[in-house]
There are 2 protein chains.
Amino acid sequence: MILQAQPLSKERFSPFGDVIETLGAEHYPINAGSIERFHDLCKIDAEDGGRVMVSIVKCNQPSVLPYKIEVVERHSLGSQAFIPLGSARMVIVVGPPNETVQLDRLQAFVSDGRQGINYRPGVWHMPLIAFSAGLEFIVVDRGGADLDCDEVRIDDAELFVDCEQINIPSEGDT
Amino acid sequence: MILQAQPLSKERFSPFGDVIETLGAEHYPINAGSIERFHDLCKIDAEDGGRVMVSIVKCNQPSVLPYKIEVVERHSLGSQAFIPLGSARMVIVVGPPNETVQLDRLQAFVSDGRQGINYRPGVWHMPLIAFSAGLEFIVVDRGGADLDCDEVRIDDAELFVDCEQINIPSEGDT
């Protein structure tokens, strides 16, 4: 099966979390008008005594499309946000936060290169892939004593994600 | 008085908070080695029932150097992080988290364009300035019912910050 990525938007992504972008966000001037603040763009969760961490992730090995999805995972106690530092399109695969992964309910999205995303706690998702070595993303997620990650290997299905209209690898090179 | 900005480093900035950068950070591979995670780069605080917010700020009106510092502020209950989306040098002015601002203890730093910073709660700082319209920064700070901001106007001193070695406006244009 091949999941085709559809353009990411706040509306389409709302069952899974937030799109982090200035478009459509509440905003107001600060610092004597020199700066505009696009305010409070996602809901950060760090339950059960967790704390919020800020990390950077960097692409070592670029992925290519179509991409075979071998693993999906979820974090039940915390949200997880990814925001590109610079321009980097993301291909995102998500499923509803049910107890088990339902392969037939997975959906794929492609970002516009500037958009970030924030997975709500419990949302199943494909681990981050990127399309050019060196691309960096800010991650905002939960830290805690416990390892809050359930991983499910997809062995019994040939499941791919693709993005027909967009030549991702060349976009990533810019 | 003119404060000269010195290059930002974790060591120099440690009395005031964190430098958010991959350099010198704990890191390890994730996602089958395709991605490297530079882990937990700053300490996020949101005390007194606050929550952690992610926002984007965007430069409406570029500042020029030398820049007259008219206001410093602090947030007593929460940390505040700024991370450039893309390359954007920051000129930062900070003072120790004492009850009052001590002008003679302010220090100025200049980032390398990729570095982010995180002010510890209570650290006095100049509000964000940027050197090119449209530059964007991720902000991670505290939200809550109360307005957690003390602002002090600097009326009785001609206090400027400058950065001698670096032509900031032209760097910001790239």
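Reader: How many bridges join strand S4 (residues 27-30) of chain B to S5(B)?

Author: This model is predicted: local features need pLDDT of at least 70, side-chain atom pairs count only at pLDDT 80 or more, and totals for chains, interfaces and linings use all residues. Residues are numbered from 1 along each chain as its sequence is written, chains are lettered from A and ligands numbered from 1 in the order in which they are written, and side-chain values use heavy atoms, leaving out hydrogens and water. Strands (E, at least two residues) and helices (H or I, at least four) are DSSP runs numbered from the N terminus, and two strands pair if DSSP finds at least two bridges between them. S4(B) and S5(B) run antiparallel, and the number of bridges that join them is four.

Reader: Which residue in S5(B) is the bridge partner of Ile30(B)?

Author: Strands of a sheet pair through backbone hydrogen bonds, either parallel or antiparallel. In S5(B), the partner of Ile30(B) is Ile35(B).

Reader: Which residue takes a positive phi in the hairpin of S4(B) and S5(B)?

Author: Four residues lie between the two strands of this hairpin, and Asn31(B) has the positive phi. Most residues other than glycine have a negative phi, and most peptide bonds are trans. The residue in question sits in the loop between S4 and S5 of chain B and is Asn31(B).

Reader: Is Asn31(B) exposed, partly exposed or buried?

Author: Buried means under 20% relative accessible area, exposed means over 50%, and partly exposed lies in between (1.4 Å probe, protein chains only). Asn31(B) has 24% relative accessibility, so Asn31(B) counts as partly exposed.

Reader: Which residues on the two faces of strand S5 (residues 35-38) of chain B are buried?

Author: In a regular strand the side chains alternate between the two faces of the sheet. Both faces of S5(B) are covered. On one side the buried residues are Ile35(B) and Arg37(B), and on the other they are Glu36(B) and Phe38(B).

Reader: Which residue stands opposite Arg37(A) in S6(B)?

Author: S5(A) and strand S6 (residues 51-59) of chain B are antiparallel, with four bridges. Opposite Arg37(A) stands Val57(B).

Reader: What area do chain A and chain B bury between them?

Author: The size of an interface is often given as the accessible area lost when the parts come together. Here buried area is that loss (1.4 Å probe), summed over both parts. Carbon and sulfur atoms hold 54% of the buried area, and the total is about 3500 Å².

Reader: Which residues of chain A lose the most area to chain B?

Author: Contact means heavy atoms within 4.5 Å, and 40 residues of chain A are in contact with 40 residues of chain B. Three residues together make up 17% of what the chain A side buries: Arg37(A), Val54(A) and Ile56(A).

Reader: How many salt bridges are there between chain A and chain B?

Author: A salt bridge is a side-chain nitrogen of Lys or Arg within 4 Å of a carboxyl oxygen of Asp or Glu. One of them joins Asp141(B) and Arg37(A), at 3.0 Å from N to O. The count between the chains is six.

Reader: Is Asp141(B) buried or exposed?

Author: Asp141(B) lies in strand S14 (residues 136-143) of chain B. Among the residues that Asp141(B) touches are Arg37(A), Arg51(B) and Gln80(B). With a relative accessible area of 8%, Asp141(B) is buried.

Reader: Which peptide bond from Leu65(A) is cis?

Author: Chain B has a cis bond joining Leu65(B) and Pro66(B), with omega about -10°. In chain A, Pro66(A) is in the loop between S6 and strand S7 (67-68). Omega there is near -10°, and the cis bond runs from Leu65(A) to Pro66(A).

Reader: Where is Asp48(A)?

Author: Phi of Asp48(A) is near 55°, a positive value in a residue other than glycine. With a relative accessible area of 65%, Asp48(A) is exposed. Its place is the loop between S5 and S6 of chain A.

Key: Buried area is the accessible area (1.4 Å probe) that two parts lose on being put together, summed over both. Lists of a residue's contacts leave out its neighbours within four places in sequence.
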